[in-house]
Amino acid sequence: MNAPRSTASDSPGSVRATGSREFPIAILGAGFGGIGMAIQLRKAGIDSFTLFERADEIGGTWRDNTYPGAACDVPSHAYSLSFEQYPGWRRKFSPADEIQAYLLRLVEKWKLRDHLRLGTEIVEARFDEAAGRWTLRTQGGESVHARAVVSAVGGLVDPALPDIPGLESFRGERFHTARWNHDYDLTGRRVGVIGTGASAVQVVPSIAPQVARLTVFQRTPGWVVPKRDAVYSDRTRKLLARMPGLLHLSRGFQYWMSELFGPIVFLDAPRLSAIGERLSLAHLRAQVKDPVLRAKLRPDFQFGCKRILISDDYWASFERDNVELVCDGIEEIVPEGIRTRDGTRYELDALILATGFQLGLAKAPFPIYGRHGRSLDEDWSTGAVAYKGLAISGYPNWFLLMGPNTGPGHTSVLVYTEAQIRHAVAAIRALRDQQLRYVDVRRDVQDRYNQQIQRRMQHMVWPTCHSWYLSPDGTNHSLYPGFAFEYVLGARRFQPREYELARFDGFTAPSQ
Ligand code: N01
């Protein structure tokens with residue numbers, strides 16, 4: 001490795017002269033990841049951070065997804081930060097508004113409002129190697145400097161609209177699940193839903209009793225397993241508040257159960273998959289009496305290949321007289337509704353797009369230029385790769401939360417996020433305390449890691465069907481192929497030997 005040559009601006013003084021005595025840190029995105037990061041920085045005694053959020057409120061997913069029935073399909077005690085456990089959850093699976101309220105409370109508790117810049121979108125980032133700092137440009141044209149950046153912009157944020165001919169021609173009310181129009185009353189309307197994924201299975205049973213007619217346009221049926229939701233009584237919540245150990249036990253139980261059953265969901269092992277498929281088919285038989293309808297709802301891909309759907313009432317909705325399942329394939333959207341390939345026209349007053357999200361983690365969220373002017377768009381043109389999904393070689397002092405290959409198919413994403421936060425905080429401490437110019441993960445370390453990830457991927461179920469987990473060339477850059485604990489043990493520590501460490505007074509090669 002070549003040591004970069006020292007230049008006049010390589011001295012610590014020049015950095016201080018730019019006003020960064022405080023070691024400014026930018027956190028991009030004020031959702032679960034960004035807020036968790038800010039709390040852990042505070043706990044580490046580091047207050048020089050700013051949270052940039054392009055929306056007008058914090059919350060990310062839980063701010064945006066307000067559709068009827070929106071809830072988390074991971075149990076509440078596991079779907080909350082381990083360092084901010086909350087005994088007050090009212091249900092085993094929390095609705096979106098309770099999760100959003102939890103995040104808002106954290107912002108107040110940790111006094112993060114003063115650090116927040118809402119309505120501020122970062123549109124470009126450029127690394128200055130000599131100064132060891134990032135320059136971020138906002139939508140408004142302002143330049144902001146940061147010695148370290150933590151990108152917590154989320155992976156499933158921007159709605160994906162279906163490329164169906166005539167979409168724009170529809171004359172009724174049309175909206176995406178993540179942009180629900182609460183001013184539009186669905187009562188007594190003829191409503192169409194396109195899509196049958198995790199959002200649709202929550203929307204369909206929630207609006208079915210309200211609308212005059214509900215037509216669900218299914219392209220691929222998914223495996224559904226019972227949710228077995230439950231209410232936490234006042235007594236239980238009081239007990240959990242008095243005895244936090246019980247809350248940790250509950251969390252631990254939920255976590256280890258998901259790990260125990262994980263291989264059924266993620267391994268390409270038909271005998272294991274069959275366990276999940278049997279459970280799901282029993283659920284289908286219990287919920288739907290009509291064998292023809294059952295056949296239409298039965299998936300034909302291996303269990304776990306697409307995200308498992310968790311619902312106690314989705315399949316049962318199709319037993320209602322006012323709910324119809326259409327599997328014929330959409331030919332076009334017309335001003336009055338939808339025409340399917342068999343020529344049938346479905347007249348609709350409203351059209352709900354439950355068609356998922358653009359895969360944000362597959363590409364740079366905005367132009368990002370690293371060392372030697374490298375562009376992340378170019379580096380990721382054949383797929384998003386990072387080291388442990390949290391650092392990218394050539395993009396020093398830049399840390400990712402929920403980056404490539406860190407999504408779980410079987411447990412809470414926050415387990416992974418917390419490991420990334422821990423790693424990023426340790427790296428930032430090293431940068432600050434050892435007065436490093438930058439830390440840049442070694443290319444060989446990153447390459448070896450990703451070769452290993454893709455080797456393991458061959459034993460996973462995901463390559464066996466088409467899903468949003470896969471990039472157009474069929475590579476999985478989304479999910480982590482294994483147990484969460486394996487990821488956590490590998491990712492939570494910042495290991496200086498895996499990084500190139502650059503000092504202001506010259507370059508120090510890492511130990512091999
Ligand atoms: O989106 P999806 P989602 N014509 O991509 C169909 C998270 N989440 O919003 O399967 C016709 O899963 C598409 O069909 P097909 C979670 O990670 C979490 O439901 O591609 N249909 C599919 O049925 C989840 O995985 C929670 O054939 C079209 C649907 O639209 C992710 O968000 C709750 C079509 C899209 O399903 C996304 O879930 C909700 C077209 N042109 C969501 N295009 C929790 O509880 C797409 N489809 C944590």
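A salt bridge is taken here as a side-chain nitrogen of Lys or Arg within 4 Å of a carboxyl oxygen of Asp or Glu. By that rule, one salt bridge is counted between domain 1 and domain 2. The model is a predicted one, in which local features need pLDDT of at least 70 and side-chain atom pairs count only at pLDDT 80 or more, while totals for chains, interfaces and linings use all residues. Residues are numbered from 1 along each chain as its sequence is written, and side-chain values use heavy atoms, with hydrogens and water left out.

**The two domains**

Domain 1 covers 8–158 + 359–503, and domain 2 covers 161–220 + 306–355; such bounds come from an automatic or database domain assignment. Taken over C-alpha atoms, the centres of domain 1 and domain 2 are 34 Å apart. Contact (heavy atoms within 4.5 Å) links 14 residues of domain 1 with 14 residues of domain 2.

The area buried between domain 1 and domain 2 is about 1400 Å², and carbon and sulfur atoms give 48% of it. Buried area is the accessible area (1.4 Å probe) that two parts lose on being put together, summed over both. Of the area that domain 1 buries against domain 2, Tyr67, Pro68 and Asp73 supply 45%, more than any other three residues. Asp73 also forms a salt bridge with Arg307, their closest N and O atoms being 2.6 Å apart.

**Individual residues**

Most residues other than glycine have a negative phi. His372 has a positive phi, near 55°, and Gln435 has a positive phi of about 50°. Helices (H or I, at least four residues) and strands (E, at least two) are DSSP runs, numbered from the N terminus. His372 lies in a loop between strand E20 (368–369) and helix H11 (376–379), whereas the loop that holds Gln435 lies between helix H12 (413–433) and strand E22 (436–441). His283 belongs to helix H8 (residues 270–287).

The table gives accessibility, where buried means under 20% relative accessible area, exposed over 50%, and partly exposed in between (1.4 Å probe, protein chains only).

| Residue | Relative accessible area and class |
|---|---|
| His372 | 66%, exposed |
| Gln435 | 48%, partly exposed |
| His283 | 9%, buried |

Which residues are in contact with His283, leaving aside its neighbours within four places in sequence? They are Val224, Val225, Pro226, Ser311, Asp312 and Trp315.
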